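Work through the exercises below with the sequence and the model at hand. Try each task before reading its solution.

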Amino acid sequence: LSLLNRILTSAQADRIIVYNPAMRISLPTVAEPHPRRALTDAERKAVLPHMDSSQGGIVLALLYYLGIRIGEIPIIRWGDIDWEAGVVHVRGYKTKAAARIVPLPNALRDILLPVRQHPEAFVVPREGGEPSAPLCTHRIRVIFNDMMNAAGLSENGLTPHYFRHNY
């Protein structure tokens, strides 16, 4: 709009147009971006005890220890975890360029190893379903919110994205 305004102002000065219609246009206000931050020490201390081999505990642990996006959780299979090399192959859910290899921290290994399944099974399968049926991201958000309630952090406004900043 700035460039258009300058062009029309110049045209008005040269008497090519009578008035500059861009002068009446007001740009919409843009909301301040929501600040992204890592968990505070108090939040970290409240969340860590809830990271266990339960479905909710695994969701929190994957977010926290791997720094993955919520949309990447449903597509992680047990075969994506290279236990010997100590890495997790994260497939990009939006683009192939988002695929990457991230280290498997010992704390996450300790949570996952007792519930390990066959390589084609999803790490976080659909509840009551086959291990080959992934959990939807909506359900993961519900689980995340339930875990925040259990940790006493429901009022902190934390989203799964905050966990990416702790990786």
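**Exercise 1.** At what angle do helix α3 and helix α5 pack, and how far apart are their axes?

*Solution.* The model is a predicted one. Step 1: locate helix α3 at residues 55-66 and helix α5 at residues 137-150. Step 2: the angle between them is about 95 degrees, and their axes lie 9 Å apart. Step 3: angles of 65 to 115 degrees count as roughly perpendicular, so α3 and α5 are roughly perpendicular to each other.

**Exercise 2.** Which residues in α3 meet which residues in α5?

*Solution.* Step 1: on the α3 side, list Q55, G56, G57, V59, L60 and L63. Step 2: their partners in α5 are I140, I143, F144, M147 and M148. Step 3: sort the residues of this contact by type, which gives eight nonpolar, three polar and no charged.

**Exercise 3.** Are R37 and E43, which meet in a salt bridge, buried, partly exposed or exposed?

*Solution.* Step 1: the N to O distance between the two side chains is 2.8 Å; a salt bridge requires this to be within 4 Å. Step 2: R37 has a relative accessible area of 30% and is partly exposed. Step 3: E43 has 4%, and therefore counts as buried.

**Exercise 4.** Where do D80 and R91 lie?

*Solution.* Step 1: the side chains of D80 and R91 form a salt bridge, at 2.9 Å from N to O. Step 2: D80 is in the loop between α3 and β1, while R91 is in the loop between β2 and β3. Step 3: the pair therefore ties together parts that are eleven residues apart in sequence.

Note on methods: Residues numbered from 1 in each chain as written. Predicted model: local features only at pLDDT ≥ 70, side-chain atom pairs only at ≥ 80, totals over all residues. Heavy atoms only, no water. Axes fitted to C-alpha atoms, helices over the stretch in contact; angles between N-to-C directions. Helix = DSSP H or I, 4+ residues; strand = E, 2+ residues; numbered from the N terminus. Parallel < 35°, antiparallel > 145°, perpendicular 65-115°, else oblique. Contact = heavy atoms within 4.5 Å. Nonpolar A, V, L, I, M, F, W, Y, C, P; charged D, E, K, R; others polar. Buried < 20%, exposed > 50% of the residue type's maximum accessible area, 1.4 Å probe, protein only.
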